[in-house]
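Welcome! Here is a short tour of one protein model, written for someone meeting structures like this for the first time. Take a look at the picture, then read on.

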Amino acid sequence: MIIQPSYQTYLDAKQLLLQGDLVAFPTETVYGLGANALDRSAVRKIFETKGRPQKNPIIVHLWSITQISEYAEITSPLEEKIINTLMPGPITILLKKKPNVPDIVTAGSDFVGIRIPSNKVALDLLQISEIPVAAPSANLSTKPSPTSAQMVFDNFHEAVPMIIDGGDCEVGIESTVVKVEWSRVVITRPGFITVEDLQSLFPSDVQVEYAQHISEITPGNMFKHYSPKSNVTLLNNTNQISFPLSDEKTAILVTQEWIDDHKDRGDQFVAQGGIVYLRWSKSALISCAKTLFSWYHQADKDHIIHLLVEPLTETGLGYAIMNRVKKSCE
């Protein structure tokens, strides 16, 4: 059931969470599918509802920095600076967990992802609920993350008792996940907060870098993710659109620059029944991040079989966006 946020909504959501049920709610990044993080059976229900592999850990959402010490250990000045500077916000930090966090949340790891969202609906829900809420994205496993309440409903229908409608998400891709290792800050999952953003926080002797290998302790990293039903392929110089098109429904997600540079091919593509999703913008990456998953959702509604996506430059936020696109191609 989709319901509008209100004080009564939050009280009803609290009751659902305390009795072991699930509640979907908005954050600034994507919608989350939440359960009481201290209730093993409730967290198990997240895995069962999503079809999520239990080796994939889940982020714990809190409403205040002051709560972190109840569930995790802050052991370094670098961790403190990230928390005090960037929270609330679209960032998750991996910290040594305390024994009260069930192993099912962390997939058996000693580290738990802690996040404090900046979305007001999420914060109000978390504060009134008075419990830590474990919440991955509110989608079926491997499918695009939802950025609206309707997208959540389209994934689960009545399987989730309450979906709180907070409108469209502002960011549109999941939080950046970081882990501090001595004098290094390692980004184990790229997101809205970029390596350049983090570098600006620290002196030059602190190394900030993307992880070189997939981290098993990081949510959303181990398996194919973010994929529509369509076969997603990157457009490049060697696999540009081939004509004639097959009988299978095809769409392209491209920039205006691509249309301008390939006008004849674009006209021919449309003439043969192809669909153009024109919302990519090399100069407006925030818009690209916000709309990527909504376009994937649209492709499913349009019954697209082949979706060709123009790559963006992999710097700054473009790196995180292309991380999601490449995972949807795997």
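Let's begin at Trp182, which counts as exposed with a relative accessibility of 85%. The terms work like this: buried means under 20% relative accessible area, exposed over 50%, and partly exposed in between (1.4 Å probe, protein chains only). This is a predicted model, where local features need pLDDT of at least 70, side-chain atom pairs count only at pLDDT 80 or more, and totals for chains, interfaces and linings use all residues. Residues are numbered from 1 along each chain as its sequence is written, and side-chain values use heavy atoms, with hydrogens and water left out.

**Backbone details**

- Trp182 sits in the loop between β10 (176-181) and β11 (184-189), and its phi is positive, about 60 degrees, although it is not a glycine.
- Thr142 is another residue other than glycine with a positive phi, near 80 degrees.
- You can find Thr142 in the loop between β8 (133-134) and α7 (149-156), where it is partly exposed with a relative accessible area of 28%.
- Between Met87 and Pro88 the peptide bond is cis, with omega near 0 degrees.
- Pro88 belongs to the loop between α4 (77-86) and β6 (91-97).

**Overall build**

- The protein has twelve helices and 16 strands; these are DSSP runs, numbered from the N terminus (helices are H or I, at least four residues; strands are E, at least two).
- Its radius of gyration is 20 Å, close to the 20 Å that the globule rule gives for 330 residues, so the protein is as compact as a globular protein of that length. The radius is taken over C-alpha atoms, and the rule is 2.2 Å times the number of residues to the power 0.38.
- The C-alpha trace spans about 60 × 50 × 30 Å along its principal axes.
- Of the 330 residues, 56% are buried.
- Among contacts (heavy atoms within 4.5 Å) between residues at least 6 apart in sequence, 70% join residues at least 24 apart.

**Aromatic rings**

- There are three aromatic pairs. Rings of Phe, Tyr and Trp (its six-membered ring) pair if their centres lie within 6.5 Å; planes under 30 degrees apart count as stacked, over 60 as edge-to-face and the rest as tilted.
- Tyr210 and Tyr319 have ring centres 4.0 Å apart and planes at 15 degrees, so this pair is stacked.
- Tyr210 lies in strand β12 (residues 207-210) and Tyr319 in helix α12 (residues 317-329), so the pair ties together parts 109 residues apart in sequence.
- Tyr210 is buried at 16% relative accessibility, whereas Tyr319 is partly exposed at 27%.
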